[in-house]
Amino acid sequence: MPTKKREDALVGAIEGGGTKFVCAVGTGPHDLARTEFPTGDDPARVLAQATRWLQRQERERGNLRAVGIGSFGPVDLNPDSATYGHVTATPKPGWNNADIVGPVRDAFPSLPVAFETDVNAAAVGEYYWGNAAGISDFVYLTIGTGIGGGALVGGRLVHGLIHPEMGHMLLPRATGDTFAGACAYHGPCWEGLCSGPALAARTGVRAEEIQADDEAWAYETEYIALALANITSVLSPRRIIIGGGVRRAGRLGQEQFFRLIREKTRRAVNDYLASAVLKDEIEGYIVPPLLSDNAGVCGAVALAQLALDTK
């Protein structure tokens, strides 16, 4: 990924998540005008709402130079594909084959429009302004409505055949866990075991309401640690950043949540990967996003600014 972008360019940004859309206009985290609204099950409505808001901001703040989009997926990232810019197969009602890029291009026909997965966008945001600054190999994970992962390897975002879907890796089941899983496609995959809806299905309450002593947190942190050990073995990132609403861990709290994940990841690696980072320095290896809930939309800003240098 280029390290230089047009930092002073005023751009529009859209982060499309499974629960909410976040829109922003600005040049970076310091000057964002921002709004959000529910994703719902009507893509045409929510995209019209997003583009109208961006157009209104343009009238108030001046001409936009580009628009960046980070969307939940899976999505088609191949610019040569007939369905480029579309969501593909998703359990999200109403969003199968939804066109994300088309309505934005229609609203801003003279502007470049950059498109990425929401987690890749968040990774870009943390790369330029957050906890991945100066790191060429890292992974950004979102654990929320779903679970997704974006990876920067050798300074480049990983796409490949489609794009990584880390949240759907299959994990060994914890002893005594009989929960069937909540993924519509795979049942007890990582997302099916650890996403916000999975926690709600397991406990009967929303993640933010789960008590600190509920056994759900023991299972949650165990499965996350196994997934992080897998990711560390496969990609060897220099840092793993975990965002999304589940990281706040209800009544358990974010600090204890990360402490448990670090301990269990170290145990899962079991001293095989010979790095002090995975032992004495693991507090700096598995971290929350510095940009907090703005990582994705800030990444969309950066993607738009980068698009100006690739026109």
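Let's start at Ala249. At 1% relative accessibility, this residue counts as buried. Ala249 sits in the loop between strand 9 and helix 7. Its phi is near 60°, a positive value in a residue other than glycine. Why point that out? Because most residues other than glycine have a negative phi.

One word of caution before we go on. This is a predicted model.

Now a second residue with positive phi. Asp271 has a phi of about 65°, and it is not a glycine either. Look for Asp271 in the loop between helix 7 and strand 10. Is Asp271 buried or exposed? Asp271 is exposed, because its relative accessible area is 51% and the cut-off for exposed is over 50%.

Staying with the backbone, go to Gly73 and Pro74. The peptide bond from Gly73 to Pro74 is cis, with omega near 5°. Most peptide bonds are trans. Pro74 is placed in the loop between strand 4, residues 67-71, and helix 2, residues 101-107.

Next topic: charges. Side chains of opposite charge can pair when their charged atoms come close. How many salt bridges does the count give? The count comes to ten. I'll show you some of them.

Take Arg61 and Asp31. Their side chains meet in a salt bridge, 3.8 Å from N to O. Arg61 lies in helix 1, residues 43-61, and Asp31 lies in the loop between strand 2 and strand 3, so the pair ties together parts that are 30 residues apart in sequence. Arg61 counts as partly exposed, at 34% relative accessibility. Asp31 counts as partly exposed too, at 22%.

Then Arg247 and Asp293. Here the closest N and O atoms of the salt bridge are 3.4 Å apart. This pair links distant parts of the chain, 46 residues apart. Arg247 is in the loop between strand 9 and helix 7, while Asp293 is in the loop between strand 10 and helix 8. Compare the two ends. Arg247 is buried, with a relative accessible area of 4%. Asp293 counts as partly exposed, at 35%.

Arg206 and Glu209 also form a salt bridge, at 3.0 Å from N to O. Glu209 is partly exposed, with 33% relative accessibility. And there is a network: salt bridges link Lys20, Arg34 and Glu36.

Now for charged residues without such a partner. Find Glu116 in strand 5, residues 113-117. Glu116 is buried, yet it has no salt bridge. Which side chain of opposite charge is nearest to Glu116, and how far away is it? That is Arg156, at 9.9 Å. What Glu116 does have is a polar contact, side chain to side chain, with His159 at 2.5 Å. Setting aside neighbours within four places in sequence, Glu116 is in contact with several residues, including Ile69, Leu77, Leu157 and Leu303.

Glu126 gives us a second case. Glu126 is placed in helix 3, residues 118-129. Glu126 is buried and has no salt bridge. The nearest side chain of opposite charge is Arg239, 7.6 Å away. What does the side chain of Glu126 reach at 2.9 Å? It reaches the backbone nitrogen of Leu291. Not counting residues up to four places away in sequence, Glu126 touches a set of residues, among them Asn131, Tyr140, Ile241, Pro289 and Leu291.

On to Gly144. This glycine is in the loop between strand 6, residues 138-143, and strand 7, residues 147-153. Gly144 is buried, with a relative accessible area of 13%. Leaving aside neighbours within four places in sequence, its contacts are Ser195, Gly196, Pro197, Gly245 and Val246. Now pick Arg6, 138 residues away along the chain. The C-alpha atoms of Gly144 and Arg6 are separated by 31 Å.

Last stop: two helices. Helix 5 covers residues 196-203, and helix 6 covers residues 215-235. They pack at an angle of about 145°, with their axes 11 Å apart. Their crossing is right-handed. Which residues of helix 5 make the contact? Those are Leu199, Arg202 and Thr203. From helix 6 come Ala216, Trp217, Tyr219, Glu220 and Tyr223.

That's my tour. Thank you.

Technical notes: Residues are numbered from 1 along each chain as its sequence is written. This is a predicted model: local features need pLDDT of at least 70, side-chain atom pairs count only at pLDDT 80 or more; totals for chains, interfaces and linings use all residues. Side-chain values use heavy atoms; hydrogens and water are left out. Helices (H or I, at least four residues) and strands (E, at least two) are DSSP runs, numbered from the N terminus. Buried means under 20% relative accessible area, exposed over 50%, partly exposed in between (1.4 Å probe, protein chains only). Lys and Arg count as positive and Asp and Glu as negative; His and the chain ends are not counted. A salt bridge is a side-chain nitrogen of Lys or Arg within 4 Å of a carboxyl oxygen of Asp or Glu. A polar contact is a pair of N or O atoms within 3.5 Å; within protein, one must be able to donate a hydrogen and the other to accept it, and residues adjacent in sequence count only if both atoms are side-chain atoms. Contact means heavy atoms within 4.5 Å. Axes are lines fitted to C-alpha atoms, for helices over the stretch in contact, and angles run from 0 to 180 degrees between N-to-C directions. A crossing is left-handed if the near helix is turned anticlockwise from the far one by less than a right angle, and right-handed if clockwise.
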